[in-house]
Amino acid sequence: MALTAQVHFLDGTLSLIHIPLSLYPTLLQPILRLLLPQSRGSPLDLNFDSLTLDSSQHGFLNISVTPLECSIVCHSSWAKTIFEPAIKQLPRDAAKTVIISKDDYVVFSVISVGMDAGSRVADLTSPLALANIPLFFITTYYSDFILVPVKDRQAVEKTLLSQGFVFSEDNDDNFPFTSPYSTNHGRRASQGSSLNELTTTDRQQPPPPSAIPELQERTFDNLTKRNVVPYVEQGLLLVQCSGRQDNNIIGGYSERPSAFQSNGHGSRNRHSAHKPCWADTVDTKLYTGLVSALVSQPRFFSITLAQDDPPSLLLDRELVGIFGDSLVGATTEGGISLVPIFLDLSSLPIEATGIVSGVAGTLVKELKEKYGVVEEEDGDGGRRGRGSAQEEELELSFLSTVRAGAVILGQEVSIRAMEALSRVLVREEK
């Protein structure tokens, strides 16, 4: 039986912003403005297609602080209105190091059902990689998100249709679709792995690879030529978690009754006679934790806000305590600790494809061989691994940032993954 992946294009066009860590404190104010309620004269007053004007919610927002950079994905209008003026105030040499993508991006979410946890990243993105479409991949607590250039959207749809995806258009010009999806390991994902001041049309793209082996060969050839070496940060352990289902971060004015309520005598209560504001609906514990984490210039912190999803966090375990009981997920001492394996991709051009799935596909193959995992069909038509490791132990996630990437794995498995990547890179150098 085929597996299914629910896929949905989100509203709006997005910009990618790279901020060097040396300038993070200087640009913290515009970063926090993305989370703060907006006042008159702000982008909220404009008719942005990714914002709900009565709730000021972001269609999609990711803020990530890693040992390599601060990376932001936000609506293109926020980039222009909030960040461009701040960048212009910097000294000329410093301003040149902050990069806002010239190409706009669109994002679609993927909720996979029955897909193998280990190979999910490679399986979901491989069709686009083989079509030479650059992309960014962001794993969250509930969903996977894939960003692609706006100019490639039609190619994305055509590629997915050719792989058996079935589109069903809704009333909002979005394209949610379901897909009969096999878990062949011969596919992988592409990623716009780094972002410089060139657009993806400034350089000629090589012809797309004909098969997965060629794709992986190109990936590691690129990595070794650019001296990209995977590494881990000593002592850095992450947890992936979520705000509660009823948590609101960016507004939600329409979700509570108006404060102008009848007092039962045909008149309004003068003491509650105010329009509900952002402060009436926000989850104060979660919001305070977010601001506190960002102000501390964390070693690792990633927050994703997306329409229809609760807020999702991937963060340094040391930061969990500041959120109180506002989080759900593996946040206790006995919870699963995750290790990020970093790839500094700043030397690669924006059109470089195949990084995410080339790395993910290679790791999955190596790890399943190491742990003796054999795939077999389960009773629901999906595929599960059988061997010395549990399926969740081999689960692989990926966080694309503007000029880097991080493979996210369990603590024990990450050691084997580093060994596997090193062997592949050494072989490629010979």
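Reader: Does N132 count as buried or exposed?

Author: This is a predicted model, and the answer holds for that model. N132 sits in the loop between helix 4 (120-130) and strand 9 (136-139). Its relative accessibility is 10%, and the cut-off for burial is under 20%. N132 therefore counts as buried.

Reader: What is the phi of N132?

Author: N132 is not a glycine. Even so, its phi is positive, at about 65°.

Reader: How are helix 6 and helix 9 oriented to each other?

Author: Helix 6 covers residues 212-225 and helix 9 covers residues 355-370. They pack with their axes 9 Å apart, at an angle of about 105°. Angles of 65 to 115 degrees count as roughly perpendicular, so helix 6 is roughly perpendicular to helix 9.

Reader: Which residues of helix 6 and helix 9 make the contact?

Author: Helix 9 contributes I355, S357, G358, V359, G361 and T362. On the side of helix 6, the contact is made by L215, Q216, T219, F220 and L223.

Reader: Where do the buried residues of helix 8 lie around its axis?

Author: The buried residues of helix 8 are L286, Y287, G289, L290, A293 and L294. In an α-helix there are 3.6 residues a turn, so residues three or four places apart point the same way.

Reader: How far does helix 8 reach from its first C-alpha to its last?

Author: Helix 8 runs over residues 284-295, twelve residues. At 1.5 Å a residue the expected span is 16 Å, and the reach in the model is close to that, at 16 Å.

Reader: Which residue caps the N-terminal end of helix 8?

Author: Just after helix 8, Q297 takes a positive phi of about 45°. At the N-terminal end, a side-chain oxygen lies 3.2 Å from the backbone nitrogen of K285. The residue that provides this oxygen and caps the helix is D283.

Reader: Which side chain is joined to that of R317 by a polar contact of 3.1 Å?

Author: R317 is in the loop between strand 15 (312-316) and strand 16 (327-329). At 15% relative accessibility, R317 counts as buried. The polar contact of 3.1 Å joins its side chain to that of S337.

Definitions and conventions
Residues numbered from 1 in each chain as written. Predicted model: local features only at pLDDT ≥ 70, side-chain atom pairs only at ≥ 80, totals over all residues. Heavy atoms only, no water. Helix = DSSP H or I, 4+ residues; strand = E, 2+ residues; numbered from the N terminus. Expected span 1.5 Å × (residues − 1). Buried < 20%, exposed > 50% of the residue type's maximum accessible area, 1.4 Å probe, protein only. Polar contact = N/O pair within 3.5 Å; in protein donor to acceptor, adjacent residues only side chain to side chain. Axes fitted to C-alpha atoms, helices over the stretch in contact; angles between N-to-C directions. Parallel < 35°, antiparallel > 145°, perpendicular 65-115°, else oblique. Contact = heavy atoms within 4.5 Å.
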